[in-house]
Amino acid sequence: MGWMSWELFRCQTNCVDHPDACIDHNLYEQMSNQMAEGGYLSAGYSTVSIDDCWEDHHRDADGRLWWNATRFPAGMKPLGDYIHSKGVNFGIYSDVGTGTCCRYPGMKNHEEDDARLFASWGVDYLKLDGCFAGHDTYEKGYPAVGAALQATGRNITYSCSWPAYLGGNESAKPFQAMIDAGCNSWR
């Protein structure tokens, strides 16, 4: 179990007007402190996860993914190290399509590079959404990301949002394909 920022904080990136509710390093450091000091670890909670809106709006000229340097001035590796120093796992969010649900860069055509990047930051959990992607992207993209994560050699729990985009008939969803893609959990 863990804590993820989306339900309460959504994509609040205005830290000037909303300093206590902004998607920035302070929020995740505070939640890591609460997880460690509030008894949540002993209750079975283990992960603090960043959801959408942590990224810069564009990849660099070499196609590399970057975090928003204003809201995460030290970067993601130091944030992950801080979270780990509290005994908490570090979770992050991305998308299998060309963009995230809030229109930040997605992993499509960058699966291996982004997986290596996440592993280098010490990411323990990846929630992968499916906005700005079609069924062909789900069928190819989720397995590509799963293989890329496995190739890093880091144990990253892979949460696929694939079935959430396939309608309400649970019996028609490709659960074996999701397992084969390396998905550890899904919604």
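**Cysteines, rings and charges**

Modeller: Happy to. Cys-11 and Cys-53 are joined by a disulfide whose sulfur atoms lie 1.8 Å apart; please keep in mind that this is a predicted model. The link between Cys-11 and Cys-53 is left-handed, at -115 degrees about the S-S bond. It bridges distant parts of the chain, 42 residues apart: Cys-11 sits in the loop between α1 (6-9) and α2 (25-37), while Cys-53 belongs to the loop between β2 and α3. Are the two ends buried or exposed? Cys-11 has a relative accessible area of 25%, so it is partly exposed, whereas Cys-53 is buried at 0%.

Which cysteine sulfur is closest to that of Cys-102? The closest is the sulfur of Cys-53, but at 3.8 Å the two are too far apart for a bond, because a disulfide calls for sulfur atoms within 2.5 Å. Cys-102 is itself partly exposed, with 24% relative accessible area.

How many disulfides are there by this rule? The count comes to four. Numbering the bonded cysteines along the chain, their pattern is 1-4, 2-3, 5-6, 7-8.

Another of these links joins Cys-101 and Cys-131, with the sulfur atoms 1.9 Å apart. Its torsion about the S-S bond is about 70 degrees, so this disulfide is right-handed. Here, too, distant parts of the chain are connected, 30 residues apart: Cys-101 lies in the loop between β3 (89-95) and α4, and Cys-131 in the loop between β4 (125-129) and α5 (135-151). Cys-101 is partly exposed at 32% relative accessibility, while Cys-131 counts as buried at 16%.

The disulfide of Cys-160 and Cys-183 has its sulfur atoms 2.0 Å apart. Its torsion of about -95 degrees makes it left-handed. Cys-160 is in strand β5 (residues 157-160) and Cys-183 in the loop between α6 (175-180) and β6 (185-186), so this bond ties together parts 23 residues apart in sequence. Both of these cysteines, Cys-160 and Cys-183, are buried.

Now for the aromatic rings. The whole structure holds 13 aromatic pairs. One of them, between Trp-54 and Trp-121, is edge-to-face, with 5.6 Å from centre to centre and 85 degrees between the planes. Trp-54 is in the loop between β2 (47-49) and α3 (76-85), and Trp-121 is in helix α4 (residues 111-121), so their contact ties together parts that are 67 residues apart in sequence.

Trp-66 and Trp-67 make a tilted pair, because their planes meet at 55 degrees, with the ring centres 5.1 Å apart. Trp-66 is partly exposed at 33%, while Trp-67 is buried at 18%. What do the ring pairs build in this part of the model? They link Trp-54, Trp-66, Trp-67, Phe-118 and Trp-121 into a cluster.

From the rings we can move on to charged side chains. A search of the whole structure gives 10 salt bridges. Among them is the one between Arg-10 and Glu-7, whose closest N and O atoms are 3.5 Å apart. Arg-10 is partly exposed at 38% relative accessibility, and Glu-7 is exposed at 62%.

With Asp-60, its side chain meets in a salt bridge of 2.7 Å, N to O. With Asp-62, the closest N and O atoms of the salt bridge are 3.4 Å apart. Arg-64 is partly exposed at 45%, and Asp-62 is exposed at 60%. Through shared partners, salt bridges join Asp-60, Asp-62 and Arg-64 into one network.

Last, a stop at the surface. Met-1, Tyr-40 and Tyr-45 form a nonpolar patch there, with about 320 Å² of accessible area together. Met-1 belongs to the segment before β1 (2-4) and counts as exposed, at 58% relative accessibility.

How values were computed:
Residues numbered from 1 in each chain as written. Predicted model: local features only at pLDDT ≥ 70, side-chain atom pairs only at ≥ 80, totals over all residues. Heavy atoms only, no water. Phe/Tyr/Trp six-rings, centres within 6.5 Å; stacked < 30°, edge-to-face > 60°. Helix = DSSP H or I, 4+ residues; strand = E, 2+ residues; numbered from the N terminus. Buried < 20%, exposed > 50% of the residue type's maximum accessible area, 1.4 Å probe, protein only. Patch = residues over 30% accessible without salt bridge, like charges linked within 9 Å, V, L, I, M, F, W, Y side chains within 5 Å. Areas by Shrake-Rupley, 256 points an atom, 1.4 Å probe, with all protein chains shown as cover. Salt bridge = Lys/Arg side-chain N within 4 Å of Asp/Glu carboxyl O.
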